[in-house]
Amino acid sequence: MTTHTPSIPQLAEDLATPPLTLSQLGWLRFRRHKMALVGVVIIIFLFLFAFGGALIYSEQYANYTDTSLRLLPPSAEHPFGTDTIGRDILARTIYGGQISLFIGIVAVIIETLLGILVGALAGYYGGWVDSLLMRITEALLNIPTIFLLLVMAKFFGGQVPEIDIGGRVFSGSVIVIVVIIGATSWMYLARIVRAEFLSLKENEFVLAARATGTSNAQIIFLHILPNTFAPIIVSSTLSVANAILSEAYISFLGLGVQAPTATWGNMLDSSANYLDSAPWLWFFPGMLILLTVLSINFLGDGLRDALDPRSRTV
Amino acid sequence: MSDKPLVEVQDMKKHFPVSSGLIIQRNVGLVRAVDGVSFSIAKGETLGMVGESGCGKTTVGRTMLGLYPATSGSVTIDGDDILHLKGRDQLRVRRKAQIIFQDPYASLNPRWTVSAIISEPMRVHKLFATEKERTERARELMNLVGLNPRLLNRFPHEFSGGQRQRIGIARALASDPLFIVCDEPISALDVSIQAQVVDLLEELQDRLGLTYLFIAHDLSMVRHICDRVLVLYLGVMVELADRDELYENPLHPYTKALLSAVPIPDPRKDRARKRTILTGDVPSPLNPPGGCRFHTRCPIAMDVCKKEVPEWREAVPSHFVACHAVETGKTE
């Protein structure tokens, strides 16, 4: 070793641009994702449709039955046509949209919380905690989801009374459906989160935190979890679509959201016998589900890229 | 140097169980990564720890800070036994001992700003009352390690390897530690940057009176920075001596082999010297050789080496070695 005069070298790092915050950087990256922006616009439109439309059409109108008007094709008076018992499909897609979006979002929140909790504990602590939690996860994965959904819907259905939120009455079945969809779909996410934790916890920044004395809870939630956001966001956005579809299955089998409360799922299913003769029955709720799923997926893609600080593109 | 050492490691062992089985885990073996290591470091001293890859250097550094649960032994830092304290008491010791890692890319959380990374130890140990004071201290630390404090709000990926290592050093200094384990802090860096980081570490030691355990495999760098050097082989200590004594008068054949592998920047001298070249790899710590662990690769192994574990003894004053050949005087 030659003898260096100990001095702290001044590094040329005075950059012209002021530092950007994480949210600024994220927004810059997100903005470049054109499809994600389209997705956001569509999602805003869908929410305006479902919640703003309710100001124009009343819930009574959505459930108003007049069999003399059954199966009318779209017209000026009924822009989306009427269904098998003469209800206005536009009004029903508006109120159905509220329920479908609610089910999709809340079920995914439940799913994500459960998945993160199970995956994080199993991946971080390992050992018997991991063995126990993963065996439970695998056991649940081995039961066909639809069967699990039906058994739980049958078992818990009707046990939750109707609830009144802001003057509107919601069937208790909505709550039941949300909880059971959330409770039966967290397993894949738990496995994804566990795998991420298994690899991330070996990183030296985790050791550094432990050397400092940071608590396990802080290491799990502040150090490791933010690094797993990308796969969680992608998985959760896909799950919103799955949750909306799961609700449709259960509703179709008579155990889901009960009539007359509309959802896009049960509207789609009740059109099964009129695929050729009355295509407007399935076209509008089907298009709305498709638009929702697509735009949420675009949004998820955009968020994943925007939230990754390792990507150097701005 | 004061009489009472700042850091004292006594008979520390770290065995990793190798388990198999899907549901019922059975232990099928034991990796003896560290098998009885004892040493002490005086306040203000730098102890170098060298050895080949896989000889347990990193495990010693991490186990003595309690990052891996030790199998047995004790580690005392400034009078506190770090391995056997719990909760608040352990937190108190953690403040005194910090670590700098080898890989500057893996050692900083990519989702945290530099400011959050550096002030984390202050938050954990509740060193300042307000976040503003912590940021102010982080600013000082950035200056101390030679980085522009204006970069505090940036993310680690915006820095080069050498700069990231400086951030790692600033984080280690944030809790005002007495002792820092430097786990190959320069191995992952460019040669031109290595000298800068080593100089920084030395300067900080002078200014703050730090004590280092400097883990490395670059012997010339160790000679530059360390006061004493400990040579490790397969999880056991083979030689410990003052720097100059070790480099000029190595006793253990393993140390000689390591030293003869150091390139001399003069081809004539390099050709003239007698080199000991080791063959093969370090044996598996799953099943270490009996007797002296080095006998399978030792150029002067005798019968006794296969049977008896050599005693750790002071061959020359303050020069310790574990070798049968040294005991009998047959060192060549």
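**Entry 1: a helix in chain B**

I began with helix H4 (residues 131–144) of chain B, which has 14 residues and reaches 20 Å from its first C-alpha to its last, close to the 20 Å expected at 1.5 Å a residue. For the expected span I took 1.5 Å times one less than the number of residues. Helices (H or I, at least four residues) and strands (E, at least two) are DSSP runs, numbered from the N terminus.

A note on the source before going on: this is a predicted model, where local features need pLDDT of at least 70 and side-chain atom pairs count only at pLDDT 80 or more, while totals for chains, interfaces and linings use all residues. Residues are numbered from 1 along each chain as its sequence is written, and chains are lettered from A and ligands numbered from 1 in the order in which they are written.

Which residues of H4(B) are buried? I found Arg134(B), Ala138(B), Leu141(B) and Met142(B). My cut-offs: buried means 20 or more other C-beta atoms within 10 Å of the residue's own, exposed means 12 or fewer, and partly exposed is in between, with C-beta atoms placed from the backbone. Looking down the axis of H4(B), I saw its buried residues fall within an arc of 100°, so they line one face of the helix. The arc is that of the directions from the helix axis to the C-beta atoms. An α-helix has 3.6 residues a turn, so residues three or four places apart point the same way.

Those buried residues pack against helix H3 (114–124) and helix H5 (161–173) of chain B. Just after H4(B), I noted that Gly146(B) takes a positive phi of about 80°.

**Entry 2: the open sheet**

Next I traced four strands of chain B that form an open sheet in the order S2-S1-S4-S5, with antiparallel pairing. Its edge strands are strand S2 (26–41) and S5 of chain B, each pairing on one side only. Two strands pair if DSSP finds at least two bridges between them.

I went through the pairs in turn:

- S1(B) and S2(B) run antiparallel and are joined by 12 bridges; Ser20(B) stands opposite Arg26(B) in S2(B).
- Strand S1 (residues 7–20) of chain B is joined to S4(B) by five bridges, again antiparallel; Glu8(B) has Thr76(B) in S4(B) as its bridge partner.
- S4(B) and S5(B) pair in the antiparallel sense over two bridges; Ile77(B) stands opposite Asp80(B) in S5(B).

Most residues other than glycine have a negative phi.

Is Asp78(B) buried or partly exposed? Asp78(B) is partly exposed, with 19 other C-beta atoms within 10 Å.

Leu234(B) is buried, with 24 other C-beta atoms within 10 Å.

**Entry 3: cores and a strand residue**

In soluble globular proteins, nonpolar side chains tend to be buried together. I counted as a nonpolar core a set of buried Ala, Val, Leu, Ile, Met, Phe, Trp, Tyr and Cys residues joined through C-beta atoms within 7 Å.

The largest core has 116 residues, of which Phe214(B) and Val238(B) touch the most other members. Helix H8 (residues 186–200) of chain A gives the most to this core, with seven residues. A second, separate core of 44 residues includes Ala50(A), Ile94(A), Ala107(A) and Trp280(A).

I then turned to Ile180(B), in strand S7 (residues 179–183) of chain B. Ile180(B) is buried, with 26 other C-beta atoms within 10 Å. Ile180(B) and Gln98(B) are 82 residues apart in sequence, yet 4.8 Å apart in space, C-alpha to C-alpha. Leaving aside neighbours within four places in sequence, the contacts of Ile180(B) (C-beta atoms, placed from the backbone, within 7 Å) include Ile99(B), Ala172(B) and Tyr212(B).

**Entry 4: confidence**

Last, I checked the scores: ipTM is 0.85 and pTM 0.81. Chain B has a mean pLDDT (the predictor's confidence in each residue, from 0 to 100) of 87, and 96% of its residues reach 70 or more.

Terms used
Contact = placed C-beta atoms within 7 Å.
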